[in-house]
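Visitor: I am new here and would like to know how such descriptions are reached. Could you show me around?

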Amino acid sequence: MLKKKIDLRLDLDTRCNFRCHYCDNASLDPKTKVSFPLEQFEPVFQYAEKNCWSMFLSCAGEPLMNAKFVEVMEILRRTVKTPDVSMVTNALALNEAHRNQILNSPIDRLFISMDSLDPEIYTKWCGVTAEQFQKVVGNIEAFAEARLKQKKRPHLIVTAIAMKDTLDGLPDIARWLKRLQVSAFNIQWLNSMDHDYLHKEQLDMNDPAVAAKVHSVLNEVQEILKGSGVLLDYPHTVSKEKLKSVWRNRKLWRNKFCYFKDVFLKLVANRRGLPCRFATNTYYLWPDGHLKGCPADGFETLNIFDGVHSMETETARVRQDIKNGKTAKCESCRFKVE
């Protein structure tokens, strides 16, 4: 039984070729938008192999923008065997070469964003051209076709942001995904990030009419994909629907025990005396070497690339700092335990 505790997240590249209006990383300092240092992948991946049950290779940027993507995949193949490995892409640069690299790598799940099949809605929210939209659609279809020819197939999961503009189009995406034989349709709720223009697009589940419409659409999507292919992701709440969808889609995770343990620990974080659902479970490693264990940056981080500090010592220190008490930033963090 795998006893690894850490869910590690890092970006192959923190730059992006999209300009999504709902992206919570759009305001990042341009100086932080760089490629992860190639020479650091080997030690980080070796650490992950020993200590992580899960590893995400993209969070704040587009991984396929890394000019050394081929080399990174080679290091990944050489060093990572047991952790669950996920990657998120917008698919604009998912060309044949990149497809082959991913299909022949240890990546277990490839998440691709597709909020709408309506070119007008898609281009409006993602900040791209109609030609780029068509390229994305073609790249997704090409990856789905190539994936089905593989003996060992990575899961292909398509993600859509549910909001007023996209809600009616979710069944159309579901029909398209059924034809492509994807592994799951991941539906997320729009996070307003305190922006008025985004808040107006959120689906108000306290409004009976809106709630009824949402449930009707989700039921239609689940019927199209026969339930097991729909992964409902509510970022701020834990609902019966989410728990059911997690259970139905347990096939998506290699390290199922660790995944369900991680979900359980987030549910009972308040009983553990921790300030948030992600504390001590999830760590993010910036390309400059700073390891972040707190989503609100409420605790000091040190550089593990300086030759003095290590992943082992820093994860232990961050975990202890978080356990020792809340900071002022905890109160305004969207991940805090209520």
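Guide: Gladly! Buried means under 20% relative accessible area, and exposed means over 50%. Keep in mind that this is a predicted model. By that cut-off, the buried residues of helix α8 are Ala211, Val214, Val217, Leu218, Val221, Gln222 and Ile224.

Visitor: What makes the buried residues of α8 line one face of the helix?

Guide: Looking down the axis of α8, the buried residues fall within an arc of 155°, so they line one face. In general, an α-helix has 3.6 residues a turn, so residues three or four places apart point the same way. On the face turned away from the buried side of α8 sit the exposed residues Pro208, Ala209 and Glu223.

Visitor: How do you know that the reach of α8 is close to the expected one?

Guide: Helix α8 covers residues 208-224, which is 17 residues. From first C-alpha to last, α8 reaches 24 Å, and 24 Å is expected at 1.5 Å a residue.

Visitor: Let us turn to the rings. Why is the pair of Phe36 and Phe41 called tilted?

Guide: Ring centres must lie within 6.5 Å to pair; planes under 30 degrees apart count as stacked, over 60 as edge-to-face, and the rest as tilted. For Phe36 and Phe41 the centres are 4.8 Å apart and the planes are at 40°, so the pair is tilted. Both of these residues are buried, and together with Phe45 and Phe305 they form one aromatic cluster. The count of aromatic pairs comes to eight.

Visitor: What makes Tyr122 and Phe133 a tilted pair?

Guide: Their rings are 5.0 Å centre to centre with 55° between the planes, and the pair is tilted. Tyr122 lies in helix α4 and Phe133 in helix α5, so the pair ties together parts that are 11 residues apart in sequence.

Visitor: How do you know whether Tyr122 and Phe133 are buried or exposed?

Guide: The cut-off for buried is under 20%. Tyr122 has 2% relative accessibility, so Tyr122 counts as buried. Phe133 has 3%, so Phe133 counts as buried as well.

Visitor: Which residues have the most contacts inside the largest nonpolar core?

Guide: They are Leu8, Phe45, Leu57, Leu170, Phe185, Ile187 and Leu285, in a core of 81 residues. Apart from that core lies another, of 11 residues, including Phe111 and Tyr259.

Key: Residues numbered from 1 in each chain as written. Predicted model: local features only at pLDDT ≥ 70, side-chain atom pairs only at ≥ 80, totals over all residues. Heavy atoms only, no water. Helix = DSSP H or I, 4+ residues; strand = E, 2+ residues; numbered from the N terminus. Expected span 1.5 Å × (residues − 1). Buried < 20%, exposed > 50% of the residue type's maximum accessible area, 1.4 Å probe, protein only. Arc of directions from axis to C-beta. Core = buried A, V, L, I, M, F, W, Y, C linked by side-chain atoms within 4.5 Å. Phe/Tyr/Trp six-rings, centres within 6.5 Å; stacked < 30°, edge-to-face > 60°.
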